[in-house]
Amino acid sequence: MARAFVTGWPVGHSRSPLVHKYWLQKYGIEGDYLRHPCKVEDFDSFIESFQDDGFIGGNVTLPHKETAFSNVQKADSTAKRLGAVNTVWIENDTIMGGNTDGYGFSANLDEFANGWSDEKRLKRGALVLGAGGASRAIIDALMQRGFKKITIANRTLPRSVELRDMFGEPCCSIAYKDIGEIEKNASIIINTTSIGMVGTELEDATPLSLNGFNSDTIVHDIVYTPLITPFLHEAKTRGMKTVDGLGMLLHQAVPGFEKWFGVRPEVTPELRAVLLADLGEVS
Ligand code: ATR
């Protein structure tokens with residue numbers, strides 16, 4: 001039986017098994033998808049020998065994404081640009097690595113914010129809040145879509161400067177306090193920080209006030225616990241278009257499932273409802 005994994009440390013919270021097991025059942029595929037907790041010191045040997053453990057590939061999550069990039073035998077172009085791998089599979093006896101986070105980000109917006117990357121919006125640019133790992137994949141996806149300006153705002157300015165230097169044009173870095181009129185004309189704002197996530201110190205907080213932003217700015221939060229974060233709630237109150245983060249999780253899983261099990265799965269409202277039920281949200 002074909003078996004895939006999600007590995008990380010910790011990995012107990014991962015919703016990926018729910019997504020892949022749903023698709024395995026839906027498409028009548030005899031296979032399995034398992035959590036494989038793996039400590040940092042054990043990761044090298046796991047990636048080198050997962051085939052011996054009966055796996056055909058899997059997902060890699062924190063804190064192993066960068067190590068996975070060094071360990072795979074061949075990385076696709078997206079993984080090379082990011083220096084991080086979240087999906088591994090075998091092709092012609094070679095351990096391959098890819099990164100589907102940016103794909104998931106874009107596909108989610110394609111589904112829920114039609115026109116988010118039309119010409120006028122590309123010109124007005126994007127405002128990205130946060131400069132961690134998730135932010136990288138999103139900045140890369142925005143660049144691939146052709147955004148003409150990408151402003152990276154972060155609490156710790158040197159981290160956003162580092163990302164600007166890594167990606168170059170059309171990125172710029174800024175401190176939160178310096179966000180002004182120009183940034184407020186952005187066609188989309190993306191929160192990639194954990195602010196607003198349930199169970200954290202800042203679960204009631206928003207990363208930024210939306211005062212002065214254009215009313216047609218799309219507000220997207222990659223946090224999906226809760227589904228409607230305080231940031232999205234504020235945006236809704238102001239009548240702005242919002243997109244929650246659940247679709248990014250669902251869409252990023254599509255390319256991996258296709259590589260391992262040979263069927264390109266669909267992200268449907270039914271799958272979304274399964275995840276929402278698990279998260280304790282109403283669909
Ligand atoms: P990930 O890889 O999941 O993106 P990360 O690398 O820990 O996670 O990055 C988390 C992001 O959230 C960072 O941009 C972080 O800002 P700093 O670089 O200044 O640490 C941001 N973040 C987390 N907690 C924050 C807070 N209380 N206020 C502002 N930004 C915060």
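Student: How many of the residues of E6 are buried?
Tutor: A word on ground rules: this is a predicted model, where local features need pLDDT of at least 70, side-chain atom pairs count only at pLDDT 80 or more, and totals for chains, interfaces and linings use all residues. Residues are numbered from 1 along each chain as its sequence is written, and side-chain values use heavy atoms, with hydrogens and water left out. Helices (H or I, at least four residues) and strands (E, at least two) are DSSP runs, numbered from the N terminus, and buried means under 20% relative accessible area, exposed over 50%, partly exposed in between (1.4 Å probe, protein chains only). E6 is mostly covered, the buried count being 4 of its 5 residues.

Student: What residue in E2 is the bridge partner of Val6?
Tutor: Strand E1 covers residues 2–8 and pairs with E2 in the parallel sense, over 7 bridges. In E2, the partner of Val6 is Arg35.

Student: And over at E4, which residue of E6 does Lys74 stand opposite?
Tutor: E4 and E6 run parallel and are joined by 2 bridges. Across from Lys74 you find Met96.

Student: How many residues lie between E5 and E6 in their hairpin?
Tutor: Strand E5 (residues 87–91) pairs with E6 in the antiparallel sense over 5 bridges. One place to look is Glu91, which stands opposite Thr94 in E6. The number of residues between the two strands of the hairpin is 2.

Student: Is Asn92 buried or exposed, and what is its relative accessible area?
Tutor: Most residues other than glycine have a negative phi, and most peptide bonds are trans. Asn92, in the loop between E5 and E6, has a positive phi near 50°. Asp93 is found in that loop too, with a positive phi near 65° and a relative accessible area of 71%, so it is exposed. Asn92 is exposed as well, because its relative accessible area is 73%.

Student: How far apart are the end C-alpha atoms of H7?
Tutor: The expected span of a helix is 1.5 Å times one less than its number of residues. H7 (residues 133–145) has 13 residues and should therefore span 18 Å; this agrees with its end C-alpha atoms, which are 19 Å apart.

Student: Why does Glu183 count as buried?
Tutor: Glu183 sits in helix H9 (residues 181–184). Leaving aside neighbours within four places in sequence, its contacts include Leu127, Lys149 and Phe213. Glu183 counts as buried because its relative accessibility is 12%.

Student: What is the relative accessible area of His251?
Tutor: His251 belongs to helix H11 (residues 246–252). Beyond its neighbours within four places in sequence, His251 is in contact with residues including Tyr103, Glu111 and Val267. His251 is buried because its relative accessible area is 10%.

Student: How far is a polar side-chain atom of Asn154 from an oxygen atom of the ligand?
Tutor: Among the 13 residues around the ligand (a heavy atom within 4 Å), Asn154 is one of those that come nearest. A ligand oxygen is 2.8 Å from a polar backbone atom of Ala131. For the polar side-chain atom of Asn154, the distance to a ligand oxygen is 2.6 Å.

Student: Last one: where is the proline joined to Thr225 by a cis peptide bond?
Tutor: The Trp9 to Pro10 peptide bond is cis, with omega near 0°, and Pro10 is in the loop between E1 and H1. The bond joining Thr225 and Pro226 is cis too, with omega about 5°. Pro226 is in the loop between strand E11 (218–221) and helix H10 (230–237).

Conventions
Pairing = 2+ DSSP bridges. Contact = heavy atoms within 4.5 Å. Polar contact = N/O pair within 3.5 Å; in protein donor to acceptor, adjacent residues only side chain to side chain.
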